[in-house]
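Work through the exercises below with the structure in view. Try each task before you read its solution.

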Amino acid sequence: MHIIIIGGGHTTYFLTRDLTAKNHRVTIINNDPGESRELARRTDALVVLGNGSDPDILAEAGARRADMLIALTDRDQDNLITCQMAVKLYGVPRTLSLVNDPDNIEVFRKLGVTTAFSAIQVITSMIEAYANFEDIVALMPVGEGELTISEVRLSKKSPSIGKRIMDLGLSQGTLIAAIIRNGKAVVPSGQSILLIEDVLVLVTEHNKAEADLNKLTGSDV
Amino acid sequence: MSESYILIVGCGRLGSLLAERLSTDENSIVVIDMDETAFEKLPGTFSGFTVLGDATELSVLEHANIDKADYLFVVTEDDNTNLMIAQVAREIFEVPNVMARVFDPRREALYSEFRIATVCPTKLSAQAFLDGLAKAPTSQPA
């Protein structure tokens with residue numbers, strides 16, 4: 001894929017490094033001459049010096065043929081206008097934008113940005129979850145932050161050990177998508193019985209995660 | 001015209017001038033700017049209110065009662081800021097009359113499609129100069 005990233009700093013650098021390692025073609029637009037040189041030296045991306053919301057700069061970065069545009073600057077207004085111009089002027093099929101003010105997530109979606117995410121919101125919810133539950137191995141928000149996928153390891157003290165999934169009383173929106181047992185993933189049914197050392201791949205609705213994690217691991221601090 | 005609630009974002013030279021001209025008994029005016037010293041440009045006779053804050057934040061617009069506004073003029077020095085606030089006013093708060101200043105003619109052309117009235121000082125100045133040229137007595141060098 002050809003991906004255009006607008007921004008700088010650590011996020012742009014590490015994201016570019018990951019994407020180019022996966023054989024995506026990345027063009028970075030950055031408006032600081034020093035940082036642009038640095039990014040060009042340290043990454044495999046093509047770097048265009050300029051303002052991402054300038055139609056000429058977008059064209060120079062290859063917006064006409066780009067598959068995706070990712071706006072990562074710290075100014076919401078620049079991210080929004082850049083995404084809108086990429087779509088309107090050059091028909092870029094997908095736009096992703098960082099939103100600095102979490103209130104603006106809805107605004108961006110209404111105004112045509114494909115995916116808007118707030119780093120602050122993602123990080124806070126992860127920290128909250130990690131701080132509350134020691135048995136959570138990994139967490140990932142999906143579906144625009146409405147759902148969370150987490151890996152939960154069951155231990156001796158977990159109240160769900162030896163019980164059938166259907167008897168746990170989990171919420172409607174919660175799904176145990178897989179049980180990883182002895183290194184193998186199995187898709188469970190309601191009849192499946194949970195065992196010590198099981199790792200559950202759990203899909204939860206954002207606001208119900210806490211109650212269900214309590215029923216599974218009971219390790220609420 | 002019955003009493004109108006007019007919101008002005010940006011208290012620079014243009015914003016303060018608009019506030020001054022519109023500040024009458026019939027209008028209720030609120031000016032938003034993120035720089036407190038900007039409000040010093042308002043004349044002593046200004047009878048409206050000021051709100052200090054960044055109008056790209058919904059909470060600041062809500063604080064200024066944007067949902068009650070009849071008119072919104074977005075006249076900060078930054079095109080992207082103006083275009084974002086104008087769209088938020090139009091699409092989220094359904095302000096009936098929204099006008100935004102946009103310096104870059106290319107951006108202005110794009111956003112005039114978005115049901116947002118734009119004023120492009122660059123284009124207006126260019127037109128004024130061209131009109132002046134057309135009206136000038138024949139000034140061909142010999």
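**Exercise 1. The end of a helix**

Which residue takes a positive phi just after helix 7 of chain A? Then find the buried residues of this helix and the side they lie on.

Solution. 
Step 1. Note that the model is predicted.
Step 2. Go to the residue just after helix 7 of chain A: A:Gly218 has a positive phi of about 65 degrees.
Step 3. Now go back into helix 7 of chain A, residues 209–217. Its buried residues are A:Ala209, A:Asp212, A:Leu213, A:Leu216 and A:Thr217.
Step 4. These residues span an arc of only 110 degrees around the axis, so they lie on the same side of helix 7 of chain A.
Step 5. Recall the general rule: an α-helix has 3.6 residues a turn, so residues three or four places apart point the same way.

**Exercise 2. The sheet of chain B**

Give the strand order of the open sheet in chain B and name the strands at its edges.

Solution. 
Step 1. Read chain B along the sequence: the pattern is β-α-β-β-α-β-α-β-α-β-α. That comes to five helices and six strands.
Step 2. The six strands of the open sheet run in the order 3-2-1-4-5-6, with parallel pairing.
Step 3. Look at the edges. Strand 3 (49–52) and strand 6 (117–119) of chain B each have a single partner strand, so one side of each has no neighbour in the sheet.
Step 4. Take one pair. Strand 5 (residues 97–101) and strand 6 of chain B pair in the parallel sense over three bridges. B:Arg101 is opposite B:Val119 in strand 6 of chain B.

**Exercise 3. Helices on the sheet**

Solution. 
Step 1. Start with helix 1 (residues 13–22) of chain B. This helix packs on the sheet and touches strand 1 (4–9), strand 2 (27–33), strand 4 and strand 5 of chain B. Its direction makes about 165 degrees with that of strand 1 of chain B.
Step 2. Turn to helix 3 (residues 79–92) of chain B. Here the contacts on the sheet are with strand 1, strand 4 and strand 5 of chain B. The angle between the directions of helix 3 and strand 5 of chain B is about 175 degrees.

**Exercise 4. Where the chains meet**

How many residues are in contact between chain B and chain A, and what area is buried?

Solution. 
Step 1. Count the contacts: 20 residues of chain B touch 21 residues of chain A.
Step 2. Take the area. About 1700 Å² is buried between the chains, and carbon and sulfur atoms give 60% of this.
Step 3. Find the main contributors in chain B. B:Asn80, B:Met84 and B:Arg106 lose the most area to chain A, together 30% of what that side buries.

**Exercise 5. Confidence in chain B**

Which elements of chain B have the lowest and the highest mean pLDDT?

Solution. 
Step 1. Begin with the whole chain. The average pLDDT of chain B is 91, and 95% of the residues score at least 70.
Step 2. Go element by element. Helix 4 (residues 105–111) of chain B has the lowest mean, 85. Strand 4 (residues 71–74) of chain B has the highest, 97.

Technical notes:
Residues are numbered from 1 along each chain as its sequence is written. Chains are lettered from A and ligands numbered from 1 in the order in which they are written. This is a predicted model: local features need pLDDT of at least 70, side-chain atom pairs count only at pLDDT 80 or more; totals for chains, interfaces and linings use all residues. Side-chain values use heavy atoms; hydrogens and water are left out. pLDDT is the predictor's confidence in each residue, from 0 to 100. Helices (H or I, at least four residues) and strands (E, at least two) are DSSP runs, numbered from the N terminus. Two strands pair if DSSP finds at least two bridges between them. Contact means heavy atoms within 4.5 Å. Axes are lines fitted to C-alpha atoms, for helices over the stretch in contact, and angles run from 0 to 180 degrees between N-to-C directions. Buried means under 20% relative accessible area, exposed over 50%, partly exposed in between (1.4 Å probe, protein chains only). The arc is that of the directions from the helix axis to the C-beta atoms. Buried area is the accessible area (1.4 Å probe) that two parts lose on being put together, summed over both.
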